[in-house]
Amino acid sequence: MTLIADPWWLSVALAAALLVDVILSIRPPAFIRDCLNGVGFPRAWWWTLIAIKSTAVIGLLAGLAVPGVGLAANAGVVAYFICAAVAHVRAKFFGPAFWVNCLGFLAFAVATLVICHFVA
């Protein structure tokens, strides 16, 4: 197990993808609104998702210099998208947002975690 991401660019790519998601979530387009409404996530709490993902972006990038921070941030991103997948399953909301966005991000986060921190 490594405490600094190697290859570094994979963690940067995950951080960039999450940053795009954060920017889109500030004024959510229809597909994000439909997803959050579809799983029954209260609109008054949408800001928390922006805060969580922003923190993940900062953690992934800080983890390139500070041992263990990127690993923790990456594990947090995996946990976040597992929770998102559970929310989709509980709400029986299996549209494209679930298959592409939720599971796509989950797969990307898991692959990044395994490749950057557990494959030497």
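## Pro96 and the basis of the model

Pro96 lies in helix H5, where helices (H or I, at least four residues) and strands (E, at least two) are DSSP runs, numbered from the N terminus. This is a predicted model, in which local features need pLDDT of at least 70 and side-chain atom pairs count only at pLDDT 80 or more, while totals for chains, interfaces and linings use all residues. Residues are numbered from 1 along each chain as its sequence is written, and side-chain values use heavy atoms, with hydrogens and water left out.

Pro96 is exposed, with a relative accessible area of 64%; here buried means under 20% relative accessible area, exposed over 50%, and partly exposed in between (1.4 Å probe, protein chains only). Along the chain Pro96 and Ala17 are 79 residues apart, and their C-alpha atoms are separated by 18 Å.

## Helix H5

Helix H5 covers residues 96–117, and its 22 residues should span 32 Å at 1.5 Å a residue, which agrees with the 30 Å between its end C-alpha atoms; the expected span is 1.5 Å times one less than the number of residues. The helix has a kink of about 30°, centred on Leu103, the bend at a residue being the angle between axes fitted to the seven residues ending there and the seven starting there.

The buried residues of H5 include Ala97, Phe98, Cys102, Phe105 and Leu106, and also Ala109, Thr112, Leu113, Cys116 and His117. What covers them includes helix H1 (8–26), helix H2 (30–38) and helix H4 (69–91), where contact means heavy atoms within 4.5 Å.

## Helix H4 and its pairing with H5

Helix H4 has 23 residues and reaches 33 Å from its first C-alpha to its last, close to the 33 Å expected at 1.5 Å a residue. Among its buried residues are Gly70, Leu71, Ala73, Asn74, Val77, Tyr80, Phe81 and His88, and the buried residues of H4 pack against H1, H2, helix H3 (46–62) and H5.

H4 and H5 pack at an angle of about 155°, with their axes 9 Å apart; axes are lines fitted to C-alpha atoms, for helices over the stretch in contact, and angles run from 0 to 180 degrees between N-to-C directions. The two helices are therefore roughly antiparallel to each other, given that angles under 35 degrees count as roughly parallel, over 145 as roughly antiparallel, 65 to 115 as roughly perpendicular and the rest as oblique. H4 passes H5 in a left-handed crossing, a crossing being left-handed if the near helix is turned anticlockwise from the far one by less than a right angle, and right-handed if clockwise. The residues that meet include Gly70, Asn74, Phe81 and His88 in H4, and Ala97, Leu103, Phe105 and His117 in H5.

His88 lies in helix H4 and is buried, with a relative accessible area of 3%. Not counting residues up to four places away in sequence, His88 touches Cys35, Val39, Phe93, Phe94, Ala97, Phe98 and Cys102.

Lys92, which follows H4, is found in the loop between H4 and H5. Its phi is near 55°, a positive value in a residue other than glycine, and Lys92 is exposed, with a relative accessible area of 67%.

## Helices H3 and H4

H3 and H4 pack at an angle of about 150°, with their axes 7 Å apart. That makes H3 roughly antiparallel to H4, and the crossing of these helices is left-handed. Among the residues that meet are Leu49, Ile52, Ala56 and Leu60 in H3, and Val69, Ala73, Asn74 and Tyr80 in H4.

## Helix H1 and the segment before it

Leu14 has its place in helix H1 and counts as buried at 0% relative accessibility. Apart from residues up to four places away in sequence, Leu14 touches Leu60, Asn74, Val77, Phe108, Ala109 and Thr112. Leu14 and Ala51 are 37 residues apart in sequence and 16 Å apart in space, C-alpha to C-alpha.

Ser11 also lies in helix H1 and is buried, with a relative accessible area of 2%. Leaving aside neighbours within four places in sequence, Ser11 is in contact with Ala5, Leu60, Leu64, Thr112 and Cys116. In the segment before H1 is Pro7, which a cis peptide bond joins to Asp6, with omega of about 10°.
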